[in-house]
Amino acid sequence: MPFVDKKELKLLQKGDEITISIKNEKRSFILPVKLQSKEITGAKYSDGKLNIHFA
């Protein structure tokens with residue numbers, strides 16, 4: 001995700017799905033079974049990469 005401004009990035013978790021929104025673009029992904037019962041505790045965007053942390 002190069003050239004994305006951190007302020008334009010939104011992350012939403014609903015059930016077993018995670019949605020990443022940037023400006024008017026949106027992508028949804030089904031989480032792996034091991035992560036479906038876990039909640040997002042944080043995320044870090046650095047060097048064009050988004051790292052999502054679960055607990």
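Student: Leaving aside neighbours within four places in sequence, which residues is Thr 19 in contact with?
Tutor: This is a predicted model, where local features need pLDDT of at least 70, side-chain atom pairs count only at pLDDT 80 or more, and totals for chains, interfaces and linings use all residues. Residues are numbered from 1 along each chain as its sequence is written, and side-chain values use heavy atoms, with hydrogens and water left out. Contact means heavy atoms within 4.5 Å. On that basis, the partners of Thr 19 are Lys 10, Leu 11, Leu 12, Lys 26, Arg 27 and Ser 28.

Student: Which side chain makes a polar contact with the side chain of Thr 19?
Tutor: A polar contact is a pair of N or O atoms within 3.5 Å; within protein, one must be able to donate a hydrogen and the other to accept it, and residues adjacent in sequence count only if both atoms are side-chain atoms. Here the distance is 3.0 Å, and the partner is Ser 28.

Student: Why does Thr 19 count as buried?
Tutor: Buried means under 20% relative accessible area, exposed over 50%, and partly exposed in between (1.4 Å probe, protein chains only). Thr 19 is buried because its relative accessible area is 11%.

Student: Where is Thr 19 placed?
Tutor: Look for a strand, meaning a DSSP run of E with at least two residues, numbered from the N terminus. Residues 17-22 include Thr 19, and they form strand β2.

Student: In what order do the three strands of the open sheet come?
Tutor: Two strands pair if DSSP finds at least two bridges between them. The pairing in this sheet is antiparallel, and the order is β1-β2-β3.

Student: Which are its edge strands?
Tutor: An edge strand here pairs on one side only. That describes β1 (9-14) and β3.

Student: How many bridges join β1 and β2?
Tutor: Leu 9 stands opposite Ile 22 in β2. β1 and β2 pair in the antiparallel sense, and the bridge count is six.

Student: Which residues make up the largest nonpolar core?
Tutor: A nonpolar core is a set of buried Ala, Val, Leu, Ile, Met, Phe, Trp, Tyr and Cys residues joined through side-chain atoms within 4.5 Å. The largest has five residues: Val 4, Leu 9, Ile 20, Ile 22 and Tyr 45.

Student: Is Leu 31 buried or exposed?
Tutor: Leu 31 lies in the loop between β3 (25-30) and β4 (40-46). Its contacts beyond four places in sequence include Gln 13, Ile 18 and Phe 54. Its relative accessibility is 7%, so Leu 31 counts as buried.

Definitions and conventions:
Helix = DSSP H or I, 4+ residues; strand = E, 2+ residues; numbered from the N terminus.
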